[in-house]
Amino acid sequence: MARATGRTPAIPADRGRRLAEVILADSRRAGMGPGSRLPTERRLAADLGATRTTVRRALAVLEAEGHISREVGRGTFLRDARWADLNGQGGALDGDGPMTGTMAAAAGGDGASGSAEFAPADVMAIRRMLEPSAMRLVVAWATAADFQEMDRCLAGGEQAASYDEFELWDLALHRCIVGASHSPLLVRLYAVIGEARHGQSWGDLKRRSASRERQRQYRADHAELVAALRARDADRAVEAMRTHLARVSSHLFGDTG
């Protein structure tokens, strides 16, 4: 998938995410659709003038956000765009997703580069207000396909080999769950939270609080949450989300409220 211009674009600070944008945009320009196989990591690195480490990170972003699937022994394939929509992305990686210009301005970004820099405590407070209440909608409207996507995200989190990989799958699961509400407005609102979680302030705080034991606890919380949703038990799902977010807040800020 060689670049038409023959030039490699500048990759901003978050090289993996920006390279993910380039890979996805190039595949669309090339007319590739669901089921199309992407070039190998080596080929992408050569075509885009990037290191294989950065390409690997970009592919991890695309996989967690539902744009691609990676199959051992076969290669990397584009997925149906509906899964990216379910994860709250839509066309966000190529500039026309749910993060509108107004939302981006409010978030302190321009919608195309730079991540939202809301205060982490503000992000966490809004998450604790929004996400538990959303569980009743998810219980009412989630489909079998939604639960398959939740299982994909759970498996990704279980198999994550690093902090960065786990964070990708953590965010993907929460977006997937909110997407299963099938509320376009809620998905758009949650996209701002997703952008804020890409901000440096949130990332630095989360990284400082990370540990293997805490990741184990988060995986257990996620499994309980999805089990409650699959059982169509709204009260249990609301409580599972509240418990999980309270745990995250406690780890980030040392609070118990």
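Biologist: Among contacts in the chain between residues at least 6 apart in sequence, what percentage joins residues at least 24 apart?

Modeller: This is a predicted model, in which local features need a pLDDT of at least 70, side-chain atom pairs count only at pLDDT 80 or more, and totals for chains, interfaces and linings use all residues. Residues are numbered from 1 along each chain as its sequence is written, and side-chain values use heavy atoms, with hydrogens and water left out. Contact means heavy atoms within 4.5 Å. Among contacts between residues at least 6 apart in sequence, the percentage that joins residues at least 24 apart is 70%.

Biologist: How many helices and strands does the chain have?

Modeller: Helices (H or I, at least four residues) and strands (E, at least two) are DSSP runs, numbered from the N terminus. From the N terminus on, the elements run α-α-α-β-β-α-α-α-α-α-α-α-α-α. The chain therefore has, by this DSSP definition, 12 helices and two strands.

Biologist: What percentage of the 257 residues in the chain do buried residues make up?

Modeller: Buried means under 20% relative accessible area, exposed means over 50%, and partly exposed lies in between, as judged with a 1.4 Å probe on protein chains only. Among the 257 residues, those that are buried make up 50%.

Biologist: What separates the C-alpha atoms of Ala237 and Val139?

Modeller: Ala237 has its place in helix 12, and it counts as buried because its relative accessible area is 0%. Not counting residues up to four places away in sequence, Ala237 touches Met135, Val139, Leu225, Ala228 and Leu229. Although Ala237 and Val139 are 98 residues apart along the chain, their C-alpha atoms are separated by 8.1 Å.

Biologist: Which residues is Ala60 in contact with, leaving aside its neighbours within four places in sequence?

Modeller: Ala60 has its place in helix 3, where it counts as buried because its relative accessibility is 11%. The C-alpha atoms of Ala60 and Asp164, 104 residues apart along the chain, are separated by 9.5 Å. With the neighbours within four places left aside, Ala60 is in contact with Arg70 and Leu168.

Biologist: Is Glu63 buried or exposed?

Modeller: Glu63 lies in helix 3, which covers residues 52–64. Not counting residues up to four places away in sequence, Glu63 touches Ile68, Arg70, Arg152 and Trp169. Because its relative accessible area is 17%, Glu63 is buried.

Biologist: How many Å does helix 9 reach from its first C-alpha to its last?

Modeller: Helix 9 has 14 residues, and its buried residues include Leu186, Tyr190, Ile193 and Arg197. An α-helix has 3.6 residues a turn, so residues three or four places apart point the same way. The expected span of a helix is 1.5 Å times one less than its number of residues. Close to the 20 Å expected, helix 9 reaches 20 Å.

Biologist: About how many Å³ of space lies in the largest cavity?

Modeller: On a 1 Å grid over the protein atoms alone, a cavity is a set of points where a 1.4 Å probe fits but cannot get out, and lining residues have an atom within 4 Å of a point. Grid points are joined across faces, edges and corners, and a volume is the space filled by probe spheres set on the points. A search of the whole structure finds one cavity of 30 Å³ or more. The space in the largest cavity is about 60 Å³.

Biologist: Which helices each supply at least two residues of the lining of the largest cavity?

Modeller: The residues that line the largest cavity include Tyr163, Phe166, Lys206, Arg214 and Tyr218. At least two residues of this lining are supplied by each of helix 8, helix 10 (200–209) and helix 11.

Biologist: How far is the sulfur of Cys176 from the closest cysteine sulfur, in Cys153?

Modeller: A disulfide is a pair of cysteine sulfur atoms within 2.5 Å, and a search of the whole structure finds zero disulfides. Cys153 is in no disulfide, and it counts as buried because its relative accessibility is 2%. Cys176 is buried too, with a relative accessible area of 0%. The two sulfurs are too far apart for a bond, because the distance between them is 4.7 Å.

Biologist: What is the phi of His182 near?

Modeller: His182 has its place in the loop between helix 8 (163–179) and helix 9 (184–197), and it counts as partly exposed because its relative accessibility is 44%. The phi of His182 is a positive value in a residue other than glycine, near 55°.

Definitions and conventions:
On a 1 Å grid over the protein atoms alone, a cavity is a set of points where a 1.4 Å probe fits but cannot get out, and a pocket is an open set with protein on both sides within 12 Å along at least five of seven lines; lining residues have an atom within 4 Å of a point.
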